[in-house]
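Here is a short briefing for a first look at this structure. Start with the view below, then read on by topic.

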Amino acid sequence: IMGDEKNCTRAYGITDLSFDEKGNIWMATYGNGLKKIWVENDSIVHYDEPIQDHYIWSIVDDCNGNLYIGHANEGLSILSLKDKTLKKFMYDPDNPNSIPDNRVFKVFIDSRKNVWVGTNKGLALFHPEREEFTVFRHNKKDPNSLSDSDIQSLNEINSDMLWVGTSKGINILNLQQIVSLQAQEIQFQHIAANDLSSGLSDGSI
């Protein structure tokens with residue numbers, strides 16, 4: 001699919017893709033912002049407003065009228081697809097319920113409709129109704145905490161099992177814990193890089 005320089009894909013790296021409920025494709029790029037491929041006519045539309053930031057790592061359409069956007073250095077944005085308004089969330093050192101860092105590598109919505117945000121300094125569970133984040137970080141005093149706070153990937157494998165890729169291996173979270181436990185009680189299982197056949201060949205996921 002090609003178009004003019006503004007609405008084509010050839011000039012900048014594509015960092016993420018997300019489908020909307022009609023099968024159209026949202027496209028995040030590093031350097032050329034947000035685009036959308038309309039499958040009916042094979043056209044690409046570039047979104048300048050109201051996003052403005054052109055460096056995006058991750059996007060996900062919640063199929064409920066919102067597009068979540070993880071920026072390289074500008075935190076998390078939520079674009080309302082109904083009225084084209086943008087709500088932005090950035091790290092606030094004075095607010096323990098803020099997003100843990102402005103470098104957002106991955107946004108993921110699990111089968112329970114939880115919104116997860118992976119950053120360079122922790123994993124965050126976003127609560128849309130309160131516009132707050134519950135943050136999970138590595139704690140060297142807690143062996144059940146994340147193996148590292150640098151979150152690089154998120155996925156759900158099988159029902160209710162969230163896999164969290166970090167720079168020091170995989171962490172597995174049973175999503176049923178989120179319903180019944182406080183944040184400090186949450187336990188992650190770990191798969192680290194080691195010499196065993198069951199381990200990883202490299203710690204960075």
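Predicted model: local features only at pLDDT ≥ 70, side-chain atom pairs only at ≥ 80, totals over all residues.

An open sheet of 4 strands runs in the order E5-E6-E7-E8, with antiparallel pairing. From one strand to the next, the twist averages 20°. Strands (E, at least two residues) and helices (H or I, at least four) are DSSP runs, numbered from the N terminus. Two strands pair if DSSP finds at least two bridges between them.

Residues are numbered from 1 along each chain as its sequence is written, and side-chain values use heavy atoms, leaving out hydrogens and water.

**The chain as a whole**

- The protein chain has 1 helix and 16 strands.
- Of its 205 residues, 45% count as buried. Buried means under 20% relative accessible area, exposed over 50%, and partly exposed in between (1.4 Å probe, protein chains only).
- Among contacts in the protein chain with a separation of 6 or more, 38% join residues 24 or more positions apart. Contact means heavy atoms within 4.5 Å.

**Strand pairs**

- Strand E6 (residues 66-71) runs antiparallel to strand E7 (residues 76-80), and 5 bridges join them. Tyr68 has Ile78 in E7 as its bridge partner.
- E13 and E14 are antiparallel, with 5 bridges. Asn155 has Trp163 in E14 as its bridge partner.
- The hairpin of E13 and E14 has 4 residues between the strands, and Asn158 there takes a positive phi near 65°.
- E14 also pairs with strand E15 (residues 169-174), antiparallel and over 6 bridges. Here the partner of Trp163 is Ile172.
- Strand E14 (residues 161-166) has 5 of its 6 residues buried, so the rest of the structure largely encloses it.

**Glu156, a buried charge**

- Glu156 lies in strand E13 (residues 151-156).
- Glu156 is buried but has no salt bridge; Arg112, the nearest side chain of opposite charge, is 6.5 Å away. Lys and Arg count as positive and Asp and Glu as negative; His and the chain ends are not counted.
- The side chains of Glu156 and Ser111 make a polar contact of 2.7 Å. Such a contact is a pair of N or O atoms within 3.5 Å; within protein, one must be able to donate a hydrogen and the other to accept it, and residues adjacent in sequence count only if both atoms are side-chain atoms.
- A polar atom of the Glu156 side chain lies 2.9 Å from the backbone nitrogen of Asp160.

**Salt bridges**

- A salt bridge puts a side-chain nitrogen of Lys or Arg within 4 Å of a carboxyl oxygen of Asp or Glu. The count comes to 8 salt bridges.
- Asp16 and Lys106 form one, with the closest N and O atoms 3.9 Å apart. Asp16 is in strand E1 (residues 13-19) and Lys106 in strand E9 (residues 104-109), so the pair ties together parts 90 residues apart in sequence.
- Asp20 and Lys36 meet in another at 2.9 Å, N to O. Asp20 is buried, with a relative accessible area of 11%. Lys36 is buried too, at 6%.
- Lys88 and Glu74 form a salt bridge at 3.4 Å, N to O. Lys88 is partly exposed, at 38% relative accessible area.

Conventions. Axes fitted to C-alpha atoms, helices over the stretch in contact; angles between N-to-C directions.
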